[in-house]
Amino acid sequence: QVQLVESGGGLVQAGGSLRLSCVASTSISSFSVMGWYRQAPGKQRELVADITSSTNYADSVKGRFTISRDNAKNAVYLQMNSLKPEDTAVYYCWVRRYGYDYWGQGTQVTVSS
């Protein structure tokens, strides 16, 4: 079983920045992929970014968000710059390990205009 603990969400004005962190309870070297999803009210959960040996981003966040990982800290991060009101959502950390998906509890990000 893998536990994921997220932090870093909050309220920020448009144009501001936030950094989300996700720490895993086990070594991330066993994860085939790590990433971040988000879900806005009334919308489906969508992939924001993921990282393997390379990175992948949703078109809506390219050039503004950066995903990274720190194997020594068993952590994955999402640096979010130039935030927009449409980025408001609950952000979930996600990992896949041996074919199973694991999710964090979610952290709220609210961007005011």
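Two strands count as paired if DSSP finds at least two bridges between them. Keep that rule in mind for this predicted model.

Start with strands β7 and β8. Six bridges join β7 to β8, which covers residues 75–80. The two strands run antiparallel.

Next, step into strand β3, which spans residues 18–24. S21 is found there. Is S21 buried or exposed? Its relative accessible area is 15%, so S21 counts as buried, the cut-off being under 20%. Which residues does S21 touch, beyond those up to four places away in sequence? They are V5, E6, S7, W36, V76 and Y77.

Finally, follow the chain out of β3. F31 lies in the loop between β3 and β4 (33–39). F31 counts as buried because its relative accessibility is 6%. Leaving aside neighbours within four places in sequence, F31 is in contact with V2, A24, T26, V95, R96 and R97. Look also at Y100, which is 69 residues from F31 along the chain. The C-alpha atoms of F31 and Y100 are separated by 9.6 Å.

Key. Residues numbered from 1 in each chain as written. Predicted model: local features only at pLDDT ≥ 70, side-chain atom pairs only at ≥ 80, totals over all residues. Heavy atoms only, no water. Helix = DSSP H or I, 4+ residues; strand = E, 2+ residues; numbered from the N terminus. Buried < 20%, exposed > 50% of the residue type's maximum accessible area, 1.4 Å probe, protein only. Contact = heavy atoms within 4.5 Å.
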